[in-house]
Each structure stands twice: as structure tokens, then as C-alpha cells.
Amino acid sequence: MERVNESLTAERYRVFSQIDAQDLSTFYSDLAIAIADDTELLEMIDTLPAAKRHAGFLFAAARFHGVDMNDFETFRRDLLERWYDIAETARTRTLQTNDPARMLAILPILSEIDGPIALIEVGASAGLNLNADRYSYRWGGSEWLHPRSGPSAVRLAGDIDGPVPVPSRMPDIRWRAGIELNPLDIEDDDDRRWLTALLWPDHASRRDNLQEAIEVLREHPVSIIEGDLNDRLAELAAEVPDGLTLVVMHSAVLPYVTQDEAERFVRTVRDLGAVWISNELADVVPQVTGSPVSSNAFSFVVARDGVPVAHAHPHGVWVSWHAPTARSDGDESS
Ligand SMILES: C[S@@+](CC[C@H](N)C(=O)[O-])C[C@H]1O[C@@H](n2cnc3c(N)ncnc32)[C@H](O)[C@@H]1O
């Protein structure tokens, strides 16, 4: 294949097109591969700080400014015309995708925990995942699992592979709170638009679920404290009422901290004696090692207390279980 550009950004856009977006978004895959051969756009993108050049992030900033993503020529024209605003958004905003579908990988573990739970999510974005027990779920061809109050308008369904311990009950979450560097406010129009822009197109169900999850959050607001996960975790955990099992979870967060910070975080979680659930890219979580290699390069490792139990698609499209989950005391679930 003829390639007109061999820059690092071009290569990253090719990888994004062929791996990250390949099965998930034909729009994004096609745009990224076209950008990879467009020297003018690449040079423009390279004026952004390195961390802000990522294709998914740039596309979110473009969508935030109403760029038409349907064909490359229109996208290109809009991007050039609106670049000043797009670049400003890219510089000032961060990747804060809040995707309830990620809970398809975490809920089976939460549901195994006996007794009432106090749930802390670090890197909670707007806090949508803290309402995990208020959504309806279906794993593969399983029956729908609904909240105790009845079916939810947030309907999360994913493909499965392996012995997924499909829950027969919702976790009993009695207390919940998040820690977030930059909490997104669902009552703020721009924050809400940013949350929507961050979702990849092609999937109307994801957009619908986001809107419905925002409605659930309006009805059931969660407490999110602003700050760094290392600075605030012990202090927040100290507020957990007696008699609850503390669970600390995080999803798509640890790539944004240094290795030292991640190690400090893991030490704190362990010192707290919390159940620890992580859903992160391979190799970013200290002490989560030994996971079988996933056949899909774009996947997260799901672990309980540092023990890998599954791979999951980063947007909750599928969950692939590869080991029995660690047992919580007395739980009969497998
Ligand atoms: C990609 S989003 C994922 C949001 C949510 N966990 C989910 O899976 O839907 C990552 C979030 O982690 C937050 N974050 C990154 N570093 C953080 C830190 N050191 N302390 C607290 N939050 C952090 C970001 O601001 C962002 O909202």
C-alpha cells in the first residue's frame, strides 16, 4: 500500500483504525485511515500536546463542535474551518468517557459479594457507573437481570465467552461515592455535550443508554469528591458506615497516572482491606499479572483483588471470562 506519511501520528491513526475502531466504528476507522495519509491534517494535529492527538479524543472534540463525521471530505472541511475551537476544546478537556456498559464486566463480581456493599469508584467521571445496580443487564442469551425496583431504561447487553458467572441478583449497594480529578456535571450543558461527544458513533444503543443513565443519575445523585485518587481515597473510605463491605473499583483510569502513583494506589486499596475490582488495559495495573493473552488486541483485563478473571471490550461490547472468580466468604455463586 502506498503511504504518504510515516510520522508517529500517522502510524497511531492507522493502529487506531485497524485495531481500536475496526470492529466498533466504521466511521472512526475510515476517518482515521484517511487522516493517516493526509499530511496537512497530521501537521495540524501535531500542533496539539502529544496526549491530545489520540484519534478517539480528537474525534470527540470535533463532534463537540458539530463536525460532520459521515464522509471524509466533509469532515476534513469542517475540521479545517473549526480548528481553532476544536483545538481549544482538545487542550482544555480530557478523555472522560463514562460508559455504563463497562459495568457488564464488573457487575458479576459485585454480585458475588455477600452482604451490603459500600462502593467507591475512583476516576468516576460523571458518576454514571456508581448507579450500576439501577440498570438492567443481559449477558449473551441470559435472562435480563433487573434492578430490585424493576426494569431500567438503561439496558446493557453484551456478548459473552467462557464461564461468565452471570449474576442472578443485583449487588446490595447501600453506600456509594466517587473520586474524580474533574467531576463532570450532568446539569451543565457543555459537560453533558462532552459526555455525548465522547461516545463513539455507530451505536445508537450506547447513546440511548447514556441519556437514560443521566436521567437515573438525576433521580439518584451520587456523591463525587473532587481530587486525585491517591490523595482522597483513605479519607473517603473512612466515611464508610460500619457493617458494609468496602469495594473499590476503577475502569479505564490507571493509564492516566504514573507507575509510582498506580503502585501507591494499589497499596492503599490493600491496606484498606477493600475488595478491589479493576477493569483496565493490560499491564497498567501493578500486581495484576498473569492474565492469558486476549485474542483481541483492544481489550481490558478485569481483575478481582489483583487476580485476572476476564477480558472485556473497553466499551462493554463483550466479556470473556477465563477463570472462576475469587470467592467472597460464604457466597454460593461460582
Ligand atoms: C476514561 S474515564 C473513565 C470513567 C469511568 N471510570 C468509566 O469507566 O466510565 C477516566 C477518568 O479518570 C479520571 N482520572 C484520571 N486520573 C485521575 C486521578 N489521578 N484521580 C482521579 N481521577 C482521575 C479522569 O478525569 C476521567 O474522568
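Buried means under 20% relative accessible area. The legends below describe close-up views of a predicted model.

**View 1. F57 and W194, an edge-to-face aromatic pair.** The structure holds 11 aromatic pairs. In the pair formed by F57 and W194, the distance is 5.8 Å centre to centre, with 85 degrees between the planes. F57 belongs to helix α4 (residues 55–64) and W194 to helix α8 (residues 189–198), so the pair ties together parts that are 137 residues apart in sequence. F57 has a relative accessible area of 2% and is therefore buried. W194 is buried too, with a relative accessible area of 0%.

**View 2. F59 and F75, an edge-to-face aromatic pair.** The ring centres of F59 and F75 are 5.8 Å apart and the planes stand at 85 degrees, so the pair counts as edge-to-face. Because F59 lies in helix α4 and F75 in helix α5 (residues 72–81), this pair ties together parts that are 16 residues apart in sequence. Both F59 and F75 are buried.

**View 3. An aromatic cluster that includes F59 and F75.** Y13, F16, Y28, F59, F72, F75 and W200 make up one aromatic cluster. Two of its members, F59 and F75, form the edge-to-face pair of the previous view.

**View 4. R155 over the ring of W144.** The charged end of R155 sits over the W144 ring, 4.3 Å from the ring centre.

**View 5. R193 over the ring of F64.** Here the ring belongs to F64, and the charged end of R193 sits over it at 4.0 Å from its centre.

Conventions: Residues numbered from 1 in each chain as written. Predicted model: local features only at pLDDT ≥ 70, side-chain atom pairs only at ≥ 80, totals over all residues. Heavy atoms only, no water. Phe/Tyr/Trp six-rings, centres within 6.5 Å; stacked < 30°, edge-to-face > 60°. Helix = DSSP H or I, 4+ residues; strand = E, 2+ residues; numbered from the N terminus. Buried < 20%, exposed > 50% of the residue type's maximum accessible area, 1.4 Å probe, protein only. Lys NZ or Arg CZ within 6 Å of the ring centre and 35° of its normal.
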